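Please examine the structure shown here before reading the report.

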Amino acid sequence: MFFAGIAWLTVLLGVSVVSVGRARTTAERLVALDTAVLMLIGLLGLVAAQSRRTYALDAALVLALLSFVSTVAASRYLGDRRPFTEPEEGDPR
Amino acid sequence: MSAWFADVLIVAGLAVMTLGVYGILRFPDVYTRLHASSKASSLGVSLLLVAGTVGARPSAAARVVLIVVLLALTTPVAAHAIAQAAYHRREPMRSAGAVDESGHCPGATSPSPRHGDPGA
């Protein structure tokens, strides 16, 4: 069952990587990339469960953290043209 | 018994993730694709990871709990950041019946001003 799951999840990963290339705008590309990384995290979890080793789970944890930081930084750059802004004097944000 | 439970979790997780990828392919704009990406895919990943903990050592289960909690905390924030960036860039709303109350994004209808609305 783990093997069937790994195979099907690999197909889904390929489809989401193709949808990264087919996205029309940058935000859609970011969404597709986020999904592809989620697929990769699930794949690492299945590999760890199948082989009874935990180091793949460590890689999945690092990938989840890295995906969050990169998605937030890229979307802040996309919206404000810089990743992290200092609030100006009198800026309500 | 426990292997049976893990198989059920794997099938459910794969079905949910398939729906998420199908939504990424089929939905027309960023705002609707974020629903499929953030909610469906993170739920599917969590189900798959929990399926791996059935009959596993406690060290693996602790890592899985950490990843699931982390995903539950970070995925909504990331999705909100993408939506905010798309809205600032005035990405068009292509889905049928989209309503944008600010009249800011092309493609969406802005609702008629309500009676007694100040400034209308």
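The report below covers the interface between the chains, helix packing within each chain, and the nonpolar core.

## Interface between chains A and B

The model is a predicted one. In it, 38 residues of chain A are in contact with 41 residues of chain B. On the chain A side, two or more residues come from each of α1 (2–22), α2 (26–51) and α3 (55–80). The greatest share is that of α2(A), which gives 15 residues to the side touching chain B.

Sorted by class, the side of chain A that touches chain B comprises 23 nonpolar, 11 polar and four charged residues.

## Packing of α2 and α3 in chain A

The axes of α2(A) and α3(A) lie 9 Å apart, and the two helices pack at an angle of about 175°. Angles over 145 degrees count as roughly antiparallel, and α2(A) is therefore roughly antiparallel to α3(A).

From α2(A), the residues that make this contact include A:T26, A:A27, A:L30, A:D34, A:V37, A:L40 and A:I41. Among those contributed by α3(A) are A:A56, A:L57, A:A60, A:L63, A:S67, A:T71 and A:L78. The contact of α2(A) with α3(A) has 16 nonpolar, five polar and one charged residues.

## Packing of α1 and α2 in chain B

In chain B, helix α1 (residues 2–26) packs against helix α2 (residues 30–52) at an angle of about 165°, with the axes 8 Å apart. The pair α1(B) and α2(B) is therefore roughly antiparallel. The crossing in which α1(B) passes α2(B) is left-handed.

Residues of α1(B) in this contact include B:A6, B:L9, B:I10, B:G13, B:V16, B:G20 and B:I24. They meet a set in α2(B) that includes B:R33, B:H35, B:A36, B:A40, B:L43, B:L47 and B:A51. By class, the contact of α1(B) with α2(B) consists of 15 nonpolar, seven polar and one charged residues.

## The nonpolar core

The largest nonpolar core has 56 residues. Within this core, the residues with the most contacts are A:A27, A:V31, A:M39, A:L40, A:I41, B:A51 and B:I82. Both chains take part: α1, α2 and α3 of chain A and α1, α2 and α3 (58–88) of chain B each supply at least two residues. The helix that gives the most to this core is α2(A), with 16 residues.

A:L40 is one of the core residues with the most contacts. Leaving aside residues up to four places away in sequence, A:L40 touches A:L13 and A:L63. A:L40 and A:L63 also belong to the contact of α2(A) with α3(A).

Methods
Residues are numbered from 1 along each chain as its sequence is written. Chains are lettered from A and ligands numbered from 1 in the order in which they are written. This is a predicted model: local features need pLDDT of at least 70, side-chain atom pairs count only at pLDDT 80 or more; totals for chains, interfaces and linings use all residues. Two residues are in contact if their C-beta atoms, placed from the backbone, lie within 7 Å. Helices (H or I, at least four residues) and strands (E, at least two) are DSSP runs, numbered from the N terminus. Ala, Val, Leu, Ile, Met, Phe, Trp, Tyr, Cys and Pro count as nonpolar, Asp, Glu, Lys and Arg as charged, and the others, Gly among them, as polar. Axes are lines fitted to C-alpha atoms, for helices over the stretch in contact, and angles run from 0 to 180 degrees between N-to-C directions. Angles under 35 degrees count as roughly parallel, over 145 as roughly antiparallel, 65 to 115 as roughly perpendicular and the rest as oblique. A crossing is left-handed if the near helix is turned anticlockwise from the far one by less than a right angle, and right-handed if clockwise. A nonpolar core is a set of buried Ala, Val, Leu, Ile, Met, Phe, Trp, Tyr and Cys residues joined through C-beta atoms within 7 Å. A residue is buried if 20 or more other C-beta atoms lie within 10 Å of its own, exposed if 12 or fewer, and partly exposed in between; C-beta atoms are placed from the backbone.
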